[in-house]
Amino acid sequence: MASSMVRATVRAVSKRKIQATRAALTLTPSAVNKIKQLLKDKPDHVGVKVGVRTRGCNGLSYTLEYTKAKGDSDEEVVQDGVRVFIEKKAQLTLLGTEMDYIEDKLSSEFVFNNPNIKGTCGCGESFNI
C-alpha cells in the first residue's frame, strides 16, 4: 500500500532546453537529495512512485507516493542511488521531464519541468498536454 507524500507543481518549459536522456525522467541533484532524505525515515519503502490523476481546473495532476515495490507496468528510473517508479498512465506525460525540488522561505515542493505541457492552471497544480 502506498501513502501520500508531498505536494508537486508542474511547469511548462518552452524557453529552456532540457537535454534528452535515455531515462523517461531526470532528477536534479536537489530532487535526489530530498528523496534520499524522505526515504531515510521509511526503511520498508524502496522509492517513490509518480502517477497522474484527472484533477484540477486544467485536467491532469501529478501524484507522488512512497512505494514498497515496483508495479508490473511501472517504469523504473534509477539515478544517483534513488529509485523513482513511473505508473503506466503517467509514462507518456513525463517523457523529457526534469524533476526538481525547490525550497524557499514560504514553501517547499517538487517541481516537474515538462516541455510537453500545452497549458497549466494559475496555481501550477494541474496541466494539459
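Guide: A search of the whole structure finds 2 aromatic pairs. Rings of Phe, Tyr and Trp (its six-membered ring) pair if their centres lie within 6.5 Å; planes under 30 degrees apart count as stacked, over 60 as edge-to-face and the rest as tilted.

Visitor: Why is the pair of Y62 and F112 called what it is?

Guide: The ring planes of Y62 and F112 meet at 40°, so the pair is tilted. Their centres are 4.6 Å apart.

Visitor: Y62 and F112, buried or exposed?

Guide: Both Y62 and F112 are buried. Buried means under 20% relative accessible area, exposed over 50%, partly exposed in between (1.4 Å probe, protein chains only).

Visitor: Before I go on, what am I looking at, and how are things counted?

Guide: This is a predicted model, where local features need pLDDT of at least 70, side-chain atom pairs count only at pLDDT 80 or more, and totals for chains, interfaces and linings use all residues. Residues are numbered from 1 along each chain as its sequence is written, and side-chain values use heavy atoms, with hydrogens and water left out.

Visitor: What is the mean pLDDT of the protein?

Guide: The mean is 79, and 69% of the residues reach 70 or more. pLDDT is the predictor's confidence in each residue, from 0 to 100.

Visitor: Which elements have the lowest and highest mean pLDDT?

Guide: Strand 10 (residues 127–128) has the lowest, at 51. Helix 1 has the highest, at 95. Where pLDDT is low, the predicted coordinates should not be read in detail.

Visitor: Fold order, please. How do the elements run from the N terminus on?

Guide: β-β-α-β-β-β-β-α-β-β-β-β. That is 2 helices and 10 strands.

Visitor: Now strand 7. How many of its residues are buried?

Guide: In strand 7 (residues 97–103), 5 of the 7 residues are buried, so the strand is largely enclosed by the rest of the structure.

Visitor: Which strands does strand 7 bridge to?

Guide: Strand 2 (residues 25–27) runs parallel to strand 7, joined by 3 bridges. T26 has E98 as its bridge partner there. Strand 8 runs antiparallel to strand 7, with 6 bridges. Two strands pair if DSSP finds at least two bridges between them.

Visitor: How many residues sit between strand 7 and strand 8?

Guide: There are 4, and the two strands form a hairpin.

Visitor: Switching to H45. Where is it found?

Guide: H45 is in the loop between helix 1 (29–40) and strand 3 (47–54). Its relative accessibility is 12%, so H45 counts as buried.

Visitor: What does H45 touch, leaving out residues up to four places away in sequence?

Guide: L39, Y66, T67 and K68. Contact means heavy atoms within 4.5 Å. H45 and T67 are 22 residues apart in sequence, yet 5.4 Å apart C-alpha to C-alpha.

Visitor: And what lies over the face of Y66?

Guide: K42 does, at 4.9 Å from the ring centre. A charge sits over a ring if NZ of Lys or CZ of Arg is within 6 Å of the ring centre and within 35 degrees of the ring normal.
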